[in-house]
Amino acid sequence: MGGPIGLLIGAVIGHVFIDLPAKAAEGRARFNALVCMAIAKLVKMDGRVAQSEIDEVERIFAELGLDGDERAAAIDAYHEGRNSPLSPEEMAAEFAREFPSDMAR
């Protein structure tokens, strides 16, 4: 209907309102997963998971404002992290690779 200009405008609108939010959601999901995996590894380091530690993880989930699907994914990531052969240092390195920060240098 708008010819090449309409095509261009449609592409820009699609990118801004569809692609970017989807990438942001993927980034948030990966961030949450890595954090939950690391938390699980830290909680398990002493060989026993206390109820107070579980309560604290639940508080963190609530503070992150995770909805039903996000919370289920966080729980899955927590279990994955708990059973992962990666060390806490390796998990931290993976996090730093995926979410680099000038503050970490």
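Modeller: Glu56 and Arg59 are joined by a salt bridge between their side chains, with an N to O distance of 2.6 Å. The term stands for a side-chain nitrogen of Lys or Arg within 4 Å of a carboxyl oxygen of Asp or Glu. The model is a predicted one: local features need pLDDT of at least 70, side-chain atom pairs count only at pLDDT 80 or more, and totals for chains, interfaces and linings use all residues. Residues are numbered from 1 along each chain as its sequence is written, and side-chain values use heavy atoms, with hydrogens and water left out.

Glu56 and Arg59 lie 3 residues apart in helix α2 (residues 51-64), so about one helical turn separates them. Helices here are DSSP runs (H or I, at least four residues), strands are runs of E of at least two, and both are numbered from the N terminus. Glu56 has a relative accessible area of 36% and is partly exposed; Arg59, at 40%, is also partly exposed. On this scale buried means under 20% relative accessible area, exposed means over 50%, and partly exposed lies in between (1.4 Å probe, protein chains only).

Arg59 has a further partner, Glu63, and the closest N and O atoms of that salt bridge are 2.5 Å apart. Glu63 and Arg59 are 4 residues apart in helix α2, which again puts about one helical turn between them. Glu63 is exposed, at 62% relative accessible area.

Glu58 pairs with Arg71 in a salt bridge whose closest N and O atoms are 2.4 Å apart. This pair links distant parts of the chain, since Glu58 sits in helix α2 and Arg71 in helix α3 (residues 68-83), 13 residues apart. Both partners are partly exposed: Glu58 has a relative accessibility of 35%, and Arg71 has a relative accessible area of 30%.

For context, the salt bridges number 6 by this rule. The protein has 4 helices and 0 strands, in the order α-α-α-α along the sequence. Of its 105 residues, 20% are buried. Among contacts (heavy atoms within 4.5 Å) between residues at least 6 apart in sequence, 72% join residues at least 24 apart. The protein exposes about 7,500 Å², of which carbon and sulfur atoms supply 64%; accessible areas come from the Shrake-Rupley method with a 1.4 Å probe, and for residues only the protein chains shown count as cover.
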